[in-house]
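Look at the model below, and keep the sequence beside it while reading.

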Amino acid sequence: MERSRAYESLVRTHGDAVLRFLRRRIDPQTADDVFSETMLIVWRRFDDVPEEPLPWLYVTARNCLRNAERSARRQWRVAERIITVDPPTDTVDPGPEEDPRADCLRAALARLSATDAEVLRLWAWEELGPPEIATILDITTNAATIRLHRAKKKLRQEMEAPRRPTGTTTKGGER
């Protein structure tokens with residue numbers, strides 16, 4: 001009974017942070033699924049949860065997210081095979097317009113390496129400092145500080161770099 005209460009307390013205290021961590025990285029439905037998987041693992045490995053649990057929970061959630069992404073890629077490959085055999089005929093609704101600054105940030109993040117983007121997400125979205133980032137990435141605090149500094153610099157450069165808007169033409173009429 002004590003274990004159940006401790007688990008419930010852990011989920012009440014840190015569950016929202018873990019769910020936000022996941023929703024910032026993947027669509028809400030998948031985030032909910034991955035959150036459930038993460039909490040199941042936490043229950044199974046509750047004796048392994050450290051005294052400061054949040055970094056450990058993020059690592060567990062990230063590992064579950066990677067498993068979900070691998071599964072999605074396998075499903076996508078199957079869908080691609082099906083599409084080549086029986087291609088769809090309808091178009092997809094583009095949805096509502098988004099804030100152009102969000103597009104700029106998303107595009108700049110996409111141009112960064114996966115490591116740089118993850119360090120920035122952990123810092124900006126999860127509001128973690130270098131010691132917690134170091135724990136999650138299994139590196140030293142000094143290395144996390146350096147990676148964070150470099151990632152911020154790279155993101156700034158990517159956001160300030162002039163980009164030709166998509167769909168524009170040059171003088172020669174080429175795209």
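A helix here is a DSSP run of H or I that covers at least four residues, and helices are numbered from the N terminus. The model itself is predicted.

Start with the largest pocket, which has a volume of about 360 Å³. Its lining is made up of 17 residues, and those closest to the centre are Arg-62, Arg-66, Ala-114, Glu-118 and Arg-121. Three helices each supply at least two residues of this lining: helix 3 (53-85), helix 4 (100-111) and helix 5 (114-124). Helix 5 gives the most, with six residues.

Now turn to Arg-3, which is found in helix 1 (residues 2-23). Is this residue buried, exposed or partly exposed? Buried means under 20% relative accessible area and exposed means over 50%, with partly exposed in between. Arg-3 has a relative accessibility of 30%, so it counts as partly exposed.

Which residues does Arg-3 touch, leaving aside those up to four places away in sequence? They are Trp-43, Arg-44, Phe-46 and Asp-47. Take Trp-43 from this list: 40 residues separate Arg-3 and Trp-43 in sequence, while in space their C-alpha atoms are 9.1 Å apart. The side chain of Arg-3 reaches the backbone oxygen of Trp-43, at a distance of 2.2 Å.

Conventions
Residues are numbered from 1 along each chain as its sequence is written. This is a predicted model: local features need pLDDT of at least 70, side-chain atom pairs count only at pLDDT 80 or more; totals for chains, interfaces and linings use all residues. Side-chain values use heavy atoms; hydrogens and water are left out. Buried means under 20% relative accessible area, exposed over 50%, partly exposed in between (1.4 Å probe, protein chains only). Contact means heavy atoms within 4.5 Å. A polar contact is a pair of N or O atoms within 3.5 Å; within protein, one must be able to donate a hydrogen and the other to accept it, and residues adjacent in sequence count only if both atoms are side-chain atoms. On a 1 Å grid over the protein atoms alone, a cavity is a set of points where a 1.4 Å probe fits but cannot get out, and a pocket is an open set with protein on both sides within 12 Å along at least five of seven lines; lining residues have an atom within 4 Å of a point. Grid points are joined across faces, edges and corners, and a volume is the space filled by probe spheres set on the points.
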